[in-house]
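Biologist: Could you walk me through this one? I'd like to look at it before we start talking.

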Amino acid sequence: LLVSKDLGKHLLEVEDLLQKHGLLEADISAQTERVQALNAAALKFSELEGYQPCDPQIICNRVNHVQTCLEELGELASKRRKELEDSRQLWAFFQEMEEAEAWIREKEQILAAKTCGRDLSSVLTLTNKHKSMLGELGSRRALLHQTMKKGEQILTKKRFSPGGIQEKMREVRLRWKKLEEVTGLHQQRLQEALNFFQFSAETDDLVAWLQDTYRIVSSDDFGHDDYSTQALLRKHRAVVEEVEKHRAAVLALRKQLALLAPEHRQGVDVQIRVVEVEQLYGEVAEVAVLRQQWLQDALAVYRMFSEVHACEVWVDEKEQWLERMEVPEELDEVEVVQHRFESLDQEMNSVMGRILDVNQVVQQLVDGGHPSSEEVRSCQDHLNSRWNRVVELVERKKGQLSSVLKIQNYLLEC
């Protein structure tokens, strides 16, 4: 049993042989105590004085022979255990290598079947799974490194043929290297897909914002008075600032597109998408400028109407006063009226400036092609005609005053 060359053909068989060998060692240990007891008893016969049933030398030789056989048996048992343990180490190495190969095959099949996702959500899910696999890869790498060390230790003992061990180690190293390369390529493809779908998502968000902004800047609500138009103009200026802030994002689309993988950036759809975003931004910016001008024009119209109203209130008041006023014949009363006309001249100079401003604003609106040009021009003409009537009334009244003063002065001289 101890000189058997059967060291097992796989790990389970070696474990079974080691178990049997353990039982044999226990049997040898038990027999050792028995042999030693028998040898001790036999040696007593060699020490007898007088009658000796056997030659003492024969007894000693027999005892030494049995002891030597027992020692040889112990040596054989130790040698057998060493060989079986070495065999177990060898087959454990091969089993661990087979497990490593099976794990590598499994991961190769997973990587071969994996896609890179159809949208941002699926890519993020696959990326998280890939990170988990990278963690497994790190743990398995450490185990494989330990197994390779065991193989090198087996080779140093030179007890077994190194050919199968070296070939297995070389084969697993090559497959492991290939797996890491495939894993790295898949990670790169996932990152490229992630970059593309993030680019697409950001582009979609930008398009949605531009479409919403276009609806805002193309509104036909310009307010109904000075206050409401000012409020709209403030809001619109804030929108214009946001449009300007998004200019950098639109301009960066080309650079971001250039950084994508060739299979993504060379797609016709994505290139058309970028052009559409640029065109849409240009339209939004252009319409925003137009709306700001329209709001400013509307504000100018409402302010002009307000100014015209104020001027017409003044004109109404002065018209009524001038039409009711009778030129007095007494000198003292004439001087009072004359002082009032001096004050009126100052007021007229002020109102005249306001009317000139109104005329200037009207001309700007008309030249700019404002949609309310006819209404504005009609309002201007009405104000100017009323102003001219007041001027005529003032001149007529002043002429009457001048005539009365001349008569009074003549009478005083007489």
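Biologist: Which hand does the crossing of α5 and α8 have?

Modeller: First, a caution: this is a predicted model, where local features need pLDDT of at least 70, side-chain atom pairs count only at pLDDT 80 or more, and totals for chains, interfaces and linings use all residues. Residues are numbered from 1 along each chain as its sequence is written, and side-chain values use heavy atoms, with hydrogens and water left out. A crossing is left-handed if the near helix is turned anticlockwise from the far one by less than a right angle, and right-handed if clockwise. For α5 and α8, the crossing is left-handed.

Biologist: At what angle do α6 and α8 pack?

Modeller: Contact means heavy atoms within 4.5 Å, and the α6 residues that meet α8 include Val-250, Leu-253 and Leu-257. On the α8 side, Val-270, Val-274 and Tyr-281 are among them. The pair is roughly antiparallel and α6 passes α8 in a left-handed crossing. With the axes 10 Å apart, the angle is about 165 degrees.

Biologist: And α2 with α3, how far apart are their axes?

Modeller: Helix α2 covers residues 56-113 and α3 covers residues 120-157, and they pack at about 150 degrees. That makes α2 roughly antiparallel to α3. Their crossing is left-handed, and the axes are separated by 10 Å.

Biologist: Why does the pair of Trp-314 and Trp-387 tie together parts of the chain, and how many residues apart are they?

Modeller: Rings of Phe, Tyr and Trp (its six-membered ring) pair if their centres lie within 6.5 Å, and planes under 30 degrees apart count as stacked, over 60 as edge-to-face and the rest as tilted. Trp-314 and Trp-387 sit 6.0 Å centre to centre with 35 degrees between the planes, a tilted pair. Trp-314 lies in helix α8 (residues 268-324) and Trp-387 in α10 (residues 373-413), so the pair ties together parts whose separation in sequence is 73 residues.

Biologist: Are Trp-314 and Trp-387 buried or exposed?

Modeller: Buried means under 20% relative accessible area, exposed over 50%, and partly exposed in between (1.4 Å probe, protein chains only). Gln-36 in α1, at 44% relative accessibility, counts as partly exposed. Leu-1 is exposed, with a relative accessible area of 79%. Both Trp-314 and Trp-387, though, are buried.

Biologist: Which residues is Leu-1 in contact with, leaving aside neighbours within four places in sequence?

Modeller: Leu-1 lies in the segment before α1. Its C-alpha atom is 8.7 Å from that of Leu-24, 23 residues along the chain. With those neighbours set aside, the contacts are Leu-24 and Arg-80.

Biologist: Last one: how far apart are the C-alpha centres of domain 1 and domain 2?

Modeller: The domain bounds come from an automatic or database domain assignment. Domain 1 is 1-85, domain 2 is 194-295 and domain 3 is 299-413. Between the C-alpha centres of domain 1 and domain 2, the distance is 96 Å.

Notes:
Helix = DSSP H or I, 4+ residues; strand = E, 2+ residues; numbered from the N terminus. Axes fitted to C-alpha atoms, helices over the stretch in contact; angles between N-to-C directions. Parallel < 35°, antiparallel > 145°, perpendicular 65-115°, else oblique.
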